[in-house]
Amino acid sequence: MGLKEQIRRFRAWQKEAVHYSDEHLEPHHCPNCGHDFEGNYCPVCRQDAGDGRITWKWVYKCVMEVWGMESRSLPYTVLQLIFRPGYLIHDYLNGRRQTSYTPVNMLFIIALVYVVVAQLLGIRDAEPLEAKDGSFELLVNASNWMAAHPAWAMIGMTMIMILPTWFIFRFAPRHARLSLPEGIIMQIFMGSLMLLVIFAIRITPWLFWLAPFYYYVTYRQLFGYGRWGTLWRVALCFLVWFNVVLLMAVLATLTDKDAGVIDQQEGIVVIITIFALMSLLTAFFIFIGWIISKPKVKKHERQS
């Protein structure tokens, strides 16, 4: 098989990873309700067609169910998340969830595996920061907490992308009108993916480019814009994300009494001014992306 054919098959798998077939249906008798049926599950009580007497295989399946490993669901979902993230999210948001592991559970399992494997490989987190003379204690404590709780930190950091994504990609050719609940699920998937990326970066630092690369690939596969259309929109989302993070850091610094800023007489004026300016800047970036992305309605179409 040539390289071009392998690439063609890989791209076809990216767009359509799962195929269903009913060619090999066998008759079954349900031991639970006594119904005769064909297929994998009883249509009356929904019991698995393979359930019968307890065997070692059944015990193994029960044990692995705890970790989502009873089938190819969790491993296969992680595989899809790496090689077809946007298409996987698109399938999940549109109801094709049978072979996809629950994104929230997957995030915490990946976080647990991240901690265990990091300990086994001797990969240590950065040394906890210490506030000098009590200055900036709030920011230091927040940084240390995020380093100690990567799953929760990743949820929080990716959740910031919900609002800019909702505005800037609202009129996308593929999966238009992304809702806020869908945006939450999407960013939970991205949180799992970013945990895998962080682990790769901890092993090999030069892989830092994987984070923006995966956001670009995911958004392009999910929303269907071209190269440049996806690139500038993702860049604008990151600009809003950075501005929001910076805004929270500034507010945390200004409201930290130990930092010595709030005690100044003009402290409240500074807080209100910086908050207003950065909020307006964030809203401006989102508004520009929304205006540019909004489909243009011609004059004769408006009149009709």
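Predicted model: local features only at pLDDT ≥ 70, side-chain atom pairs only at ≥ 80, totals over all residues.

A residue is called buried when its relative accessible area is under 20%, exposed when it is over 50%, and partly exposed in between, with a 1.4 Å probe and protein chains only. Residues are numbered from 1 along each chain as its sequence is written, and side-chain values use heavy atoms, with hydrogens and water left out.

**Overall make-up**

- The chain contains 13 helices and two strands; helices (H or I, at least four residues) and strands (E, at least two) are DSSP runs numbered from the N terminus.
- Contact means heavy atoms within 4.5 Å. Among contacts between residues at least 6 apart in sequence, 64% join residues at least 24 apart.

**Helices H3 and H5**

- Two packed helices are described by the angle between their axes and the distance between the axes.
- The axes of H3 (residues 73–83) and H5 (residues 103–120) come within 12 Å and cross at roughly 90 degrees. H3 is therefore roughly perpendicular to H5.
- Axes here are lines fitted to C-alpha atoms, for helices over the stretch in contact, with angles from 0 to 180 degrees between N-to-C directions. Angles under 35 degrees count as roughly parallel, over 145 as roughly antiparallel, 65 to 115 as roughly perpendicular and the rest as oblique.
- Leu74, Thr77, Val78 and Leu81 of H3 meet Met106, Ile109 and Ile110 of H5.

**Helix H4**

- H4 (residues 85–93) is mostly covered, with nine of its nine residues buried.
- The cover over these buried residues includes H1 (3–15), H3, H5, H9 (180–203) and H10 (210–223).
- His90 lies in H4 and counts as buried because its relative accessibility is 15%. Not counting residues up to four places away in sequence, His90 touches Arg174, His175 and Leu222.
- Just after H4, Gly95 adopts a positive phi of about 100 degrees.

**Nonpolar core**

- A nonpolar core is a set of buried Ala, Val, Leu, Ile, Met, Phe, Trp, Tyr and Cys residues joined through side-chain atoms within 4.5 Å.
- The largest such core has 42 residues, of which Met106, Phe169, Met194, Tyr219 and Phe223 touch the most other members. Elements giving two or more residues to this core include H3, H4, H5 and H12, and H9 gives the most, with eight residues.
- Leaving aside neighbours within four places in sequence, Tyr219 is in contact with Met161, Thr165, Phe169, Met186, Gln187, Gly224, Thr230 and Val234.

**Helix H12**

- Ala283 belongs to H12 (residues 267–293) and is partly exposed, at 42% relative accessibility.
- Ala283 and Val240 are 43 residues apart in sequence and 8.5 Å apart in space, C-alpha to C-alpha.

**Cysteines**

- A disulfide is a pair of cysteine sulfur atoms within 2.5 Å. A search of the whole structure finds zero disulfides.
- Cys30 is in no disulfide, and its nearest cysteine sulfur, that of Cys45, is 3.5 Å away. From the side of Cys45, the closest cysteine sulfur is in Cys30, at 3.5 Å, which is too far for a bond.
- Cys30 is buried at 2% relative accessibility, whereas Cys45 is partly exposed, with a relative accessible area of 28%.
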